[in-house]
Amino acid sequence: MKFLSWLFNFSARHAGDMRRYEKGKTGTRIFVIILLTLLAAATLGVEYWAISLFSENFLYGLLVVIFLFIPLVATTIEFCGFYSFVGFRMFFWGVISSAARKADKKIRAKKAAAQEDIPASEVTEPDTELDHSEKTHKALDLVVGILGILLAVATIVLAVSFIVSR
C-alpha cells in the first residue's frame with residue numbers, strides 16, 4: 001500500500017529532486033538539460049524500434065510497446081514536465097530576488113546618504129552587479145523550463161502519432 005501511495009504522490013517522489021536542483025550549480029542544470037535530451041531521444045529510438053518490430057513480428061512488437069514504450073513515454077512526460085516546472089520556478093524566483101536585492105541596495109544607499117547629510121542629487125546609484133555569493137542561474141533555468149515543455153509536448157505528439165500510425 002505504501003508503494004501505491006508513493007506512486008501516486010507526485011511531491012513525495014520528486015521532493016529530493018527539487019531540493020537537489022535548487023541547491024545545485026551550473027553543472028546541475030547542464031546535467032538536467034542533457035538528461036532531458038537523452039530521455040526524449042531514447043523514447044524516439046524505442047518508438048522507431050517498436051514500429052520496425054510490428055512489421056516483422058506483431059506480438060513481439062506489441063510486447064515492446066506495452067512494457068517498454070508506454071512506460072518510457074510516461075516517464076519522459078513526467079520528467080520533462082517536472083523539470084520544466086522547477087526550471088520556470090527557479091527562473092522567476094531568481095528574477096524576483098535579483099530585483100529585490102537591487103531595490104534593497106538603493107534603499108540602503110539613500111539611507112546612508114541621509115545619515116551623512118549628503119544631498120539627494122549627489123547620491124550615486126549603488127553597484128547593481130550581483131555578488132559572487134548571490135549568483136543566480138536564471139538563463140539556464142529558463143532553458144531547462146522551455147526545453148522541458150518542448151520535449152514533453154514532442155513526446156505526447158510522438159505517442160499520438162505512433163497510435164495513429166498503427
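Is Phe10 buried, exposed or partly exposed? I will come to that residue in a moment, after a word on what we are looking at.

This is a predicted model. The protein chain has 166 residues, and 30% of them are buried. Its secondary structure amounts to five helices and zero strands. Reading from the N terminus, then, the order of elements is α-α-α-α-α. The accessible surface is about 11100 Å², and carbon and sulfur atoms account for 69% of that.

Back to the opening question. Phe10 has a relative accessibility of 38%, so it counts as partly exposed. Phe10 sits in helix 2, which covers residues 10-23.

What does Phe10 touch, if we leave out residues up to four places away in sequence? The partners are Glu78 and Phe82. Take Glu78: it is 68 residues from Phe10 along the chain, yet the C-alpha atoms of the two are separated by 9.4 Å. For the chain as a whole, consider contacts between residues at least 6 apart in sequence: 79% of these join residues at least 24 apart.

Next, the helix packing. Helix 2 packs with helix 3, residues 26-56, and the angle between them is about 130 degrees. Their axes are 7 Å apart. Because of that angle, helix 2 is oblique to helix 3. Which residues make the contact? On the helix 2 side they are Arg20, Tyr21 and Glu22. On the helix 3 side they are Thr28, Arg29 and Val32. Sorted by class, this contact has two nonpolar residues, one polar and three charged.

Helix 3 also packs with helix 5, which covers residues 138-165. Here the angle is about 10 degrees, and the axes lie 10 Å apart. The cut-off for roughly parallel is under 35 degrees, so helix 3 is roughly parallel to helix 5. How many residues of each class does this contact have? There are 16 nonpolar, six polar and three charged residues.

To put the two pairs side by side: helix 2 with helix 3 is oblique, and helix 3 with helix 5 is roughly parallel. The contact of helix 2 with helix 3 includes three charged residues and two nonpolar ones. In the contact of helix 3 with helix 5, three are charged and 16 are nonpolar.

Note on methods: Residues are numbered from 1 along each chain as its sequence is written. This is a predicted model: local features need pLDDT of at least 70, side-chain atom pairs count only at pLDDT 80 or more; totals for chains, interfaces and linings use all residues. Side-chain values use heavy atoms; hydrogens and water are left out. Axes are lines fitted to C-alpha atoms, for helices over the stretch in contact, and angles run from 0 to 180 degrees between N-to-C directions. Helices (H or I, at least four residues) and strands (E, at least two) are DSSP runs, numbered from the N terminus. Angles under 35 degrees count as roughly parallel, over 145 as roughly antiparallel, 65 to 115 as roughly perpendicular and the rest as oblique. Contact means heavy atoms within 4.5 Å. Ala, Val, Leu, Ile, Met, Phe, Trp, Tyr, Cys and Pro count as nonpolar, Asp, Glu, Lys and Arg as charged, and the others, Gly among them, as polar. Buried means under 20% relative accessible area, exposed over 50%, partly exposed in between (1.4 Å probe, protein chains only). Accessible areas come from the Shrake-Rupley method with a 1.4 Å probe; for residues, only the protein chains shown count as cover.
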